[in-house]
Amino acid sequence: MKPSEKPNSSLRRRAAPAARQINAVLLAASLLLALLAGCTLPAPVNPPQATQPPAQGGQPAQPVRVGVEAPPEVQVTFRVRIPENTPYDQAVLINILDEVGGLDLHPETYEMVQEDPQHYILQLSFPLGSLVKYRYSRQTEAAPVNEYTSAGRQTRYRLYAVQGPGLVDDVISRWTDTQFFGPAGRIMGSATDTQTGEPVPGLLVTAGGAQAFSAADGTFIIEGLPPGTHNLVAYAPDGAYRTFQQGALVADQSTTQAPLMMEPSRLVNITFEVKMPAGTIPGVPIRIAGSLHQFGNTFADLAAGLSTQAGRMPALQPAGEGLYRLTMALPAGADLRYLYTLGDGFWNAEITANGEFQLRRVIIPQVDSVIQDTVEAWTAPGAKPLVFDVTVPPDTWPGDRISIQFNPLIGWSEPIPMWPLGSNRWVYVLNHPLDVQGSLRFRVCRNEQCGAADDASSAGPSAAGLPATPAGEENKVSYQVPSWAWYSSTNAAWTSSNQPVPARGADFVAGVEFNPQYQTSWSPYMNGALEGVQAMRANWLVIDPTWSYPPMALPILEQTPGKDALWHDLAPVMLAARQRGLQVAVFPGVNFPAPPEQWWSSSQRDFPWWVVWFEQYRKFALHHAELAARTGAGALVLGGDWLLPALPGALLSDGSPSGVPADADARWRGLIAEVRQAYNGRLAWAMSYERITNGAPAFLDAVDQIYLLFDEPLAQDTLADPQSMFSQATMLLDVVEAFYQRVQKPILLAAAYGSWDGAATSCAQDGQGGCLAQQEVLQPGATLNGLPLDLQEQAQIYETLLAASSNRPWITGFISRGFYPPAMLQDLSPSVNGKPAQAALAYWFANLVIPPP
């Protein structure tokens, strides 16, 4: 991209902020060759959704060879209206962004020309067919000031699809240092597949600096747009649809309807054939980081300003004589920005021969093609690689992959998989940026889960880590992990009590529910998680997708990348589970910006507010009903204690009325009827034991099952014995049976008990005479105020509950909640992954699902 040669091209181009240039590795030094001599490195783990099979049919037998020639460039004029309260006499800038190497790390920044007091303009050139990511800023004496949305969030980026010479009209809502004052409207619409007429979920829709993702029914809404013309763009993160673009005129207090007609992209087979620089060690994982979802882009703001993750990127395969290849089925016409890397988009990415950041672009051709590239260098001239040689404990789980995480004193970046050498040794070679070597710190973790599955000497999200101080001329950092936090193979043993287990048959639900605190780094390890669930002899998997409430007054639910699993992340996992013979249930929940009780009590909760709340929850519920339908899920679970204030006649946690409308029961019944139209599987309602005793909603007659969230105390103190716990469990279940007799709905017992000494009391003490909230207890690797670990007590609790419940025919299933998918973690949380309770559940599940005699 370059400034146009039109009259306004006389503008000087402002230098981009001094982002550290990314370099990659040239492993030519004899030290490194000796270090890896004789070692065969296993192939890297590719996430199941990252690579695609070649496209079938209709393509030439002989692919077209494509060089690096770029498509023709065309001129695009950006014209922007700034807020009236913008400070006078400060330059307005446009920043062209790169999501592969980091939005804030490599911007191309240009000063715009003032057209009148409120308008600025600039003409730039871009390749035809490219997708431009950009945002505006102001240059102050101190630092640039970025544009914000009217809701007070920094604009991540705007989109513009270059389909020819064009004019972009933009409106800025506000700046970082100003407030939004004035009228606003919204854009609302629905995305439809032009070939099938089906709705299109998972589209990234942008306008006015704001973003939204289309729901399962294709609908989207973008609120708080100032009046004026906005460029509306709908973009498929995986390129499955051609980018849709049109101008949208927004008026004060009005809704602009915008139907999006999405044309499916045709897949073509693209082979990346790459010549590596001399000295590249055979077998070292070389990945492609790119702007499409398939190339590791999460479309989220991750650690240290990155958006791509190494573990989600596809890996090239050696082809001999310094060549590497990878063939993928990719959407024709998509704009792919990409680079080759030995790390991620920042650490160890390829560079030019003179040490410059290298980012490539290709508009995917319309025919099968071979893209031939050459990596010029992995190391900047004169640079000496920094070698990390790590020895891990002998009892490290054989399936774990060790990761390294760097902190150049600006915060921890995303973990990167290390390279296995065998004999409990792992290595990683860092070549750039080496100018941070004096301040660089590192730490080691398992399966990219730094902050949870940590080295015991640097455990926890806020750990300082270790100084990256090399020894001697080898420029090598040798480190031996003393032990793992929250993991030891000796802790997983379980001794069966050999209790008789009744055979309930294959229809009995023996289930595992995933931890709802999703992280994008889980994706490469989901296959391992599914294997772990199968090893427990479970026959059901409960997935907990979430949406989020933003920090604003209106109860708007939205999908937030990095916090909420997007459609493209959820659907492959659910389909993979079904392919393994597991039934899948969808149990959607919500992330709050504050503790739920505080959020509800501080909300306005007048009638207009409740109208919005119910409409938003309706969209949320129907989205997940459609997700369940499209993936063949066996059950959908709605409800949960987080929405108690929205139930008929509900009270807040302080006992005051929630203000829910008087027709709440009718609203819920209407919603359930709509869900039934979208999804014809089993529908369950989630509720806690406390709601059984304090009143259940009348509309339960409209659902099929009760998903009973069970974490009631089985003991009064830490001294309880198994028999007293069994007696208490029996008494509690007798109360549940009385509830069953009233509602006549089968009960699924969904239990969540932690692994601390005293977990049977169901209270993780907060040090102030109270109990920690469940969200804190679910946090993987949390220390919970120093509570002592007791893995055997958790196993005993689950055995006790199963013994007390398995002979009750109205209890049709048992689910262990909080399973942590990416790694075995013997922490205080309810996750049973890698704990004795996992073996206990496997014993019970295997016998429960045997057909009765």
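Helices H5 and H6 are roughly parallel to each other, the class for angles under 35 degrees. This is a predicted model, where local features need pLDDT of at least 70, side-chain atom pairs count only at pLDDT 80 or more, and totals for chains, interfaces and linings use all residues. Residues are numbered from 1 along each chain as its sequence is written, and side-chain values use heavy atoms, with hydrogens and water left out.

Back to the pair. H5 covers residues 607–630 and H6 covers residues 664–678. They pack at an angle of about 25 degrees, with axes 9 Å apart. Axes here are lines fitted to C-alpha atoms, for helices over the stretch in contact, and angles run from 0 to 180 degrees between N-to-C directions. Helices are DSSP runs of H or I, at least four residues, and strands are runs of E, at least two, numbered from the N terminus.

The crossing of H5 and H6 is right-handed: the near helix is turned clockwise from the far one by less than a right angle. Who meets whom? Among the H5 residues in the contact are Trp613, Phe614 and Tyr617. H6 brings residues including Trp668 and Leu671. Contact means heavy atoms within 4.5 Å. By class, that contact has 14 nonpolar, no polar and 4 charged residues. Ala, Val, Leu, Ile, Met, Phe, Trp, Tyr, Cys and Pro count as nonpolar, Asp, Glu, Lys and Arg as charged, and the others, Gly among them, as polar.

Next pair. H10 (residues 791–805) and H11 (residues 836–848) pack at about 20 degrees, axes 7 Å apart. That makes H10 roughly parallel to H11. Their crossing is right-handed. Contact residues include Tyr798 and Leu802 of H10, and Trp844 and Leu848 of H11. The classes are 11 nonpolar, 2 polar and 1 charged.

Stay on leucine 848, in helix H11. Is leucine 848 buried or exposed? At 0% relative accessibility, leucine 848 counts as buried, meaning under 20% relative accessible area with a 1.4 Å probe, protein chains only. Leucine 848 touches residues including Val501, Phe508 and Leu802. Its C-alpha lies 8.1 Å from that of alanine 506, 342 residues away along the chain.

Finally, the whole chain. The protein chain has 11 helices and 46 strands. Of its 853 residues, 59% count as buried. The C-alpha trace spans about 85 × 70 × 60 Å along its principal axes.

Note on methods: Angles under 35 degrees count as roughly parallel, over 145 as roughly antiparallel, 65 to 115 as roughly perpendicular and the rest as oblique. Buried means under 20% relative accessible area, exposed over 50%, partly exposed in between (1.4 Å probe, protein chains only). Lists of a residue's contacts leave out its neighbours within four places in sequence.
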